[in-house]
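Please open the model in a viewer and keep the selection panel at hand.

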Amino acid sequence: STIKVVITTLLVSFIIATRRISCMALDQALESLKRGEFVLLYDSGKRENEVDMVVAAQFVTPEHISRMRQNAGGLICLAIDDILTKSLNLQYMHNILSRSADVDSDSKKMIMGTAPYGDHPTFSITINHKQTYTGITDKDRALTIKEMAELYSSPDAKAKFVSSFATPGHVPLLLASSGLLAKRQGHTEMSVYLAKLANLTPVTAICEMMDGQTYKALTPEKAQTFAKQNAIPFVDGKELLEFSEVR
């Protein structure tokens with residue numbers, strides 16, 4: 001019985017210590033976002049099994065876009081919360097295509113309703129700000145992303161959106177589920193959730209980290225090494241989910 005008590009005590013101590021470390025990592029991530037700096041966000045081995053570079057959209061500069069291109073290499077997207085989605089009357093792209101009379105029945109068979117990892121895609125339309133030229137340069141994408149974040153506090157977001165942006169463009173919009181992590185546990189929802197925890201505008205720029213040696217997604221282990229080398233907080237989606245459930 002004494003051995004059981006000792007083992008139980010050690011186990012409880014380990015759990016408490018682990019949770020403290022997780023909270024510290026989360027606190028560091030939130031502080032980084034508040035400073036306009038990056039966070040690395042891992043979803044789960046049961047989902048995409050990918051790590052994204054994340055930054056609060058309200059702080060995005062051409063330098064952020066350049067770093068995401070060079071250090072991540074995936075698709076640079078803009079994740080927005082459900083409030084802005086509804087005010088702009090945005091829809092998921094798979095729903096837009098499904099309802100379109102201009103897409104024939106054979107072509108509609110191509111529409112992805114569910115991804116291989118079990119979730120529906122969160123892609124909506126792609127946009128450029130009207131002050132951009134091609135829309136793809138670091139300066140152009142930074143302008144599009146930052147101006148989109150500013151729409152969140154606009155008294156007439158829809159009118160400004162229609163007058164200031166054009167589609168198709170070079171910044172894909174990702175629509176977070178209304179219940180965030182309670183409904184879907186993707187990078188879209190997790191990054192928006194982090195922005196909300198940091199009391200920032202819930203609009204984030206995210207980009208998947210790729211591996212130029214294996215030509216696959218960068219593994220969480222390699223991403224953690226990169227995070228340590230560059231002093232970027234690393235957030236494990238599993239721990240973020242546990243935190244949201246406790247909260």
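Axes are lines fitted to C-alpha atoms, for helices over the stretch in contact, and angles run from 0 to 180 degrees between N-to-C directions; contact means heavy atoms within 4.5 Å. Helices (H or I, at least four residues) and strands (E, at least two) are DSSP runs, numbered from the N terminus. This is a predicted model, in which local features need pLDDT of at least 70 and side-chain atom pairs count only at pLDDT 80 or more, while totals for chains, interfaces and linings use all residues. Residues are numbered from 1 along each chain as its sequence is written, and side-chain values use heavy atoms, with hydrogens and water left out.

Begin with the sheet. Seven strands form an open, mixed sheet in the order E4-E5-E3-E6-E2-E1-E9; two strands pair if DSSP finds at least two bridges between them. At its edges are E4 (123-129) and E9 (234-236), each pairing on one side only. From one strand to the next, the twist averages 40°.

Next, select E4 with E5 (residues 165-175): their pairing is antiparallel, over 5 bridges. Thr-126 is found opposite Pro-172 in E5.

Now select helix H2 (residues 62-72). H2 lies across E2 and E6, at about 175° to E2. Its buried residues (under 20% relative accessible area, 1.4 Å probe, protein chains only) are His-64, Ile-65, Ser-66, Met-68 and Ala-72. Their cover includes E2 (51-56), helix H6 (138-150), E6 (203-208) and E7 (210-211). Gly-73, with a positive phi near 90°, follows H2.

Key:
Buried means under 20% relative accessible area, exposed over 50%, partly exposed in between (1.4 Å probe, protein chains only).
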